[in-house]
There are 2 protein chains.
Amino acid sequence: MQPAIEPVRDYFLSLQDDICSSLEAVDAEVGFLRESLRTPGGGFAHPRVLENGSHLEKAAVQFSHSIGTSLPPAATERNPHLAGLGFQATSISLIVHPRNPYAPTTHMNLRFFLIEADDPVWYFGGGFDLTPYYGFVEDARHWHEQARLASGDFHQRMKTDCDKYFYLSHREECRGVGGIFFDDWTENGFEASFDLTRSVGDHFLPAYQPILERRIGMPYGDRERNWQRLRRGRYVEFNLAIDRGTRYGIQSGRRIESVLASMPPTASWRYDCQPEEGSEEARLLAEFLPPRDWLAEP
Amino acid sequence: MQPAIEPVRDYFLSLQDDICSSLEAVDAEVGFLRESLRTPGGGFAHPRVLENGSHLEKAAVQFSHSIGTSLPPAATERNPHLAGLGFQATSISLIVHPRNPYAPTTHMNLRFFLIEADDPVWYFGGGFDLTPYYGFVEDARHWHEQARLASGDFHQRMKTDCDKYFYLSHREECRGVGGIFFDDWTENGFEASFDLTRSVGDHFLPAYQPILERRIGMPYGDRERNWQRLRRGRYVEFNLAIDRGTRYGIQSGRRIESVLASMPPTASWRYDCQPEEGSEEARLLAEFLPPRDWLAEP
């Protein structure tokens with residue numbers, strides 16, 4: 001099978017539909033705003049954003065197919081010889097910020113780059129990761145079990161790469177409990193790499209939905225919301241100061257509302273704020289954020 | 001007069017005291033948290049942060065004197081030949097986030113770098129800028145009048161540089177109404193450059209205080225607070241994704257709570273949110289953010 005954009009694009013489009021429908025079932029009274037945009041050079045984008053649901057404070061599930069004449073530096077950091085070439089790229093990128101602080105934020109991204117040439121250059125990338133505000137062992141285990149099912153033999157490597165990528169070095173802190181991450185991926189050729197990408201996509205809902213469902217009904221108050229806002233501040237720090245995807249989006253002049261649809265609805269910063277010793281908030285930092293083998297026998 | 005760190009450091013320390021006292025007079029019931037920290041290599045820092053005042057939602061006025069063995073890349077972008085040398089640096093950096101959305105946020109920074117060598121390398125930098133959430137012509141004029149007094153013959157150049165620096169290219173939007181900005185400054189030698197730096201520092205309170213005082217009593221409601229939070233989101237975008245000072249702080253491994261003390265207490269993001277046509281919010285974007293000569297005759 002020759003590397004081609006169409007089958008990947010069609011899979012991403014159908015995955016976007018499935019995920020939006022499932023999320024809409026969680027928040028029956030609000031729906032995704034569905035847009036369809038043409039982008040320069042013949043590409044198109046389907047941003048879908050849901051805001052202010054009773055359970056989903058914000059969710060963005062975005063599809064794009066870009067056709068470009070020159071790869072920007074942020075997209076080719078690891079492949080500098082590709083800089084300046086024309087390309088096609090298709091991606092699905094999602095983020096869910098539930099309102100309930102006991103329900104974790106999640107992020108998934110799948111992407112495919114292709115330079116059609118005599119000797120085509122292509123790679124897949126993506127993964128999914130989970131960012132809880134309060135830690136639940138049961139949730140972290142379920143998440144990583146699904147991540148292992150999604151990634152098979154590559155699980156250990158993709159988990160380690162996820163822990164490495166979603167790391168705020170200035171805080172010496174991981175963004176969440178991780179998941180799986182892959183980039184510049186061509187392992188075993190196009191067909192196998194596409195299979196892996198599909199497997200990651202297909203495991204997202206089974207990984208996230210049960211966690212979301214068991215947490216969104218839990219009672220919470222100001223204390224939990226305040227903590228959630230502070231932790232969302234860390235999310236903002238990661239996205240704006242570190243994340244390669246966001247930097248690529250800003251550098252390449254992509255539609256900024258799409259690039260920043262991942263931002264949390266609210267965030268806050270307090271000076272030198274440390275959770276009380278022994279609290280559930282302190283437990284998140286001490287027991288859940290440091291990288292850990294969640295699938296080891298207890 | 002030979003370039004020396006001590007007189008600059010002492011001026012910054014005394015300016016920090018003056019500004020903190022003036023701000024504390026605005027919010028009598030809360031005070032600055034005053035800390036004194038030793039930093040590696042014999043430097044020290046005096047972070048001062050005030051939070052949750054009735055008028056000042058957050059204010060940070062920070063002094064630091066750093067002694068380093070190797071200048072990090074972000075500090076030497078314009079002087080790459082300096083990378084890797086040992087240095088001393090002293091700075092005062094402040095930000096004020098008033099609670100009332102009619103009162104503007106302000107930022108001031110003054111800094112001095114010195115490489116003591118046979119032929120010492122040194123430069124000053126800094127400036128002050130104003131970020132209103134609602135526009136008032138009277139405030140913008142007063143601010144720029146003081147900026148002109150502070151910078152004298154250099155005003156036009158320093159104003160233009162300010163408009164250029166505090167620009168969110170991904171939004172095609174200035175951060176606020178500007179002010180003055182200077183960097184890598186050695187104009188007319190050490191003594192003249194130090195005089196200019198002092199003049200900028202001494203004009204900060206006369207520039208900001210009258211504006212703060214006439215706005216903090218204005219009535220406001222949820223609409224204004226929501227708009228303020230959205231605009232503070234832009235502030236966060238600038239600081240984390242663009243600002244050289246913050247990038248330097250993150251890269252150099254400086255104490256992160258000091259680096260990020262500039263972050264607003266709260267911020268929010270909404271997808272593709274545009275103010276209503278003809279509203280005061282739309283007027284800010286149309287009439288106040290585009291660079292303008294505020295001192296031209298009306």
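Trainee: At what angle do helix 2 and helix 3 of chain A pack?
Mentor: First, please note that this is a predicted model. Helix 2 (residues 137–151) and helix 3 (residues 155–165) of chain A pack at an angle of about 125°, and their axes are 9 Å apart.

Trainee: Which word describes that arrangement of helix 2 and helix 3 of chain A: parallel, perpendicular or oblique?
Mentor: Helix 2 and helix 3 of chain A are oblique to each other.

Trainee: Let us move to helix 1 and helix 4 of chain A. How do their axes cross?
Mentor: The axes of helix 1 (residues 5–26) and helix 4 (residues 189–215) of chain A cross at roughly 5° and come within 11 Å. Angles under 35 degrees count as roughly parallel, and therefore helix 1 of chain A is roughly parallel to helix 4 of chain A.

Trainee: What residues make that contact between helix 1 and helix 4 of chain A?
Mentor: Helix 1 of chain A contributes A:V8, A:Y11, A:L15, A:I19, A:S22 and A:V26. Helix 4 of chain A contributes A:F194, A:R198, A:G201, A:F204, A:L205, A:Q209 and A:L212. The residues of this contact divide into nine nonpolar, three polar and one charged.

Trainee: Now chain B. How are helix 2 and helix 4 of chain B placed?
Mentor: Helix 2 (residues 137–151) and helix 4 (residues 189–215) of chain B pack at about 165°, with their axes 9 Å apart. These two helices of chain B are therefore roughly antiparallel to each other. Helix 2 of chain B passes helix 4 of chain B in a right-handed crossing.

Trainee: Which residues of helix 2 and helix 4 of chain B are involved in the contact?
Mentor: On helix 2 of chain B they include B:D139, B:H142, B:W143 and B:Q146. On helix 4 of chain B they include B:S199, B:V200, B:H203 and B:P206. The residues of the contact divide into nine nonpolar, five polar and one charged.

Trainee: A change of topic: what do strand 2 and strand 3 of chain B form?
Mentor: They form a hairpin with three residues between them, and B:G41 in the turn has a positive phi of about 85°. Strand 2 (residues 37–39) and strand 3 (residues 43–46) of chain B pair in the antiparallel sense over three bridges, and B:L37 stands opposite B:A45.

Trainee: Where does strand 3 of chain B pair next, in strand 5?
Mentor: Three bridges join strand 3 to strand 5 (residues 56–68) of chain B, and the two run antiparallel. Here B:A45 stands opposite B:S64.

Trainee: Finally, the two chains. How many residues does the contact take from each?
Mentor: The contact takes 23 residues from chain A and 23 residues from chain B. On the side of chain B, helix 5 supplies the largest share, four residues. That side divides into 14 nonpolar, three polar and six charged residues.

Trainee: Which strands of chain A and chain B pair across the contact?
Mentor: Strand 12 (residues 266–268) of chain A pairs with strand 12 of chain B in the antiparallel sense over three bridges. A:A267 stands opposite B:A267.

How values were computed: Residues numbered from 1 in each chain as written. Chains lettered and ligands numbered in written order. Predicted model: local features only at pLDDT ≥ 70, side-chain atom pairs only at ≥ 80, totals over all residues. Contact = placed C-beta atoms within 7 Å. Nonpolar A, V, L, I, M, F, W, Y, C, P; charged D, E, K, R; others polar. Pairing = 2+ DSSP bridges. Axes fitted to C-alpha atoms, helices over the stretch in contact; angles between N-to-C directions. Parallel < 35°, antiparallel > 145°, perpendicular 65-115°, else oblique. Left-handed = near helix turned anticlockwise from the far one by under 90°.
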